[in-house]
Amino acid sequence: MFRRLKTYQVATDVLVAVAFFVVAFPIESSLVTWTGMENRFGPALVAVAGAVVAAIFSVALGLRRASPPLALAIAWVGALVQMGLARPPGFADLAIFGVLYATAAYGSRLTYWAGFGSALLGALVITVYLMAGPMYAGSLSWQTLPLALVMLVAAAFALGLSWTIGALVRTAVRARENRAAQQRAEADAIAEQERVRIARDMHDVVAHSLAVVVAQADGARYAAASDPAVATEALATIGNTARSALADVRLLLGQLRHRQGDGPQPTIADLEELYAQVRAAGVELRVDVDPAPPGEPPAAVQLAVYRILQEALTNALRHGAPGGVDVRLAWRSHGVEVEVRNPTAAGARPPSRAGHGLIGMRERAQLAGGRLDVTDESGAFVVHAVIPIGGAA
């Protein structure tokens, strides 16, 4: 029934209602009533009637924004009281236009259409009241019908215009709210995509680095007694890998705090460092690049290639069997083919196709416009991706 208004809006509406009553009261109290009503009831009752009518319409005007349906009901009560006292239209009736505007601009769906119906019904009521009321009693005939029709159209236009303006304002406000909601939804979608991207990067960095650290730690433990130099080298590799991972994690956490900058991303120039880390972990890695990149590939393609290779080699460290890992890169004019083949130990379970790593690799390829397939071929786990260059599929 009542809308929630701000304090200044409530204060404004109260001041408007008081000011309207101050102006309407002397005007309504001085109106000469129809057909000798002043002679019948006396000037005092006429003034009281004017005060009552002015007060009713002032209350309706003051409540127009806080409660449009209540304001509409009070306005109808004021109109009926006015007609019951046989008073002519006066200054107080101007409040009706504000009430009709409010029903269209602020009211519920029911109040919205109630205001529209009130505008049409009010035009008909005022026409009949003026043409067949006390002043023109019995004057409504075929001769005065054209005048009555003109009066009906004029009243409907005036009342309907105030309602229409309110409806236009309502439409504009809702359009603005819809645009704001759409912008919020788009911002939320962008934020969610950013969180997913950062989570995917975090998984790639942490999973790969921990796999290298675990492999090096195992090697250092076995070599500690027989070859301390190898153990020392392994510990140095662990330290370098951990520091690199820590720097990457700090970068990703910084992106979570400051969404404006993506920060530097790995490129194919960083692949040699990735290969060195894998070889240092004790994996025999064979890399074949044929043909070489024809120029500088797009940054998105370079990032996708790096992350796919990083995750695939991490899986090779964690699940692979002795025998080495084969990496093949073929940079062609339309796109790049990436293939990582590593043998799996007898009875060993290959990486789960529902795991975050394989899902992340597929998402990497799809975001770059390509595709990625994972297969088991003759005891080997094969990751094969095709990523277009320049939008080619």
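**Ground rules.** I number residues from 1 along each chain as its sequence is written, and side-chain values use heavy atoms, without hydrogens or water. In this predicted model, local features need pLDDT of at least 70 and side-chain atom pairs count only at pLDDT 80 or more, while totals for chains, interfaces and linings use all residues.

**Entry 1: α4 and α5.** I took helices as DSSP runs (H or I, at least four residues), numbered from the N terminus. Two packed helices are described by the angle between their axes and the distance between the axes. I looked up helix α4 (residues 68–84) and helix α5 (residues 95–106), which pack at about 155° with axes 9 Å apart. Axes here are lines fitted to C-alpha atoms over the stretch in contact, and angles run from 0 to 180 degrees between N-to-C directions. The two helices, α4 and α5, are therefore roughly antiparallel (the term applies to angles over 145 degrees).

Which residues make the contact between α4 and α5? I found Pro68, Ala71, Leu72 and Ala75 on α4, and Val99, Leu100, Ala102, Thr103 and Tyr106 on α5; contact means heavy atoms within 4.5 Å.

**Entry 2: aromatic pairs.** I counted eight aromatic pairs. Rings of Phe, Tyr and Trp (its six-membered ring) pair if their centres lie within 6.5 Å; planes under 30 degrees apart are stacked, over 60 edge-to-face, and the rest tilted. The rings of Phe20 and Phe91 have centres 5.3 Å apart and planes at 25°, so I logged the pair as stacked. Phe20 sits in helix α1 (residues 7–29) and Phe91 in the loop between α4 and α5, 71 residues apart.

Phe116 and Trp163 form a tilted pair, 4.9 Å centre to centre with 55° between the planes. Phe116 is in helix α6 (residues 109–132) and Trp163 in helix α7 (residues 145–223), so this pair ties together parts 47 residues apart in sequence. Ring pairs also link Tyr112, Trp113, Phe116 and Trp163 into a cluster.

**Entry 3: accessibility.** Buried means under 20% relative accessible area, exposed over 50%, and partly exposed in between (1.4 Å probe, protein chains only). Phe20 is buried at 11%, and Phe91 is partly exposed at 27%. Trp163 is buried at 8%, whereas Phe116 is partly exposed at 33%.

**Entry 4: Ser67.** I found Ser67 in the loop between α3 (43–62) and α4. Ser67 is buried, with a relative accessible area of 0%. Leaving aside neighbours within four places in sequence, Ser67 is in contact with Met1 and Phe2.

Technical notes:
Parallel < 35°, antiparallel > 145°, perpendicular 65-115°, else oblique.
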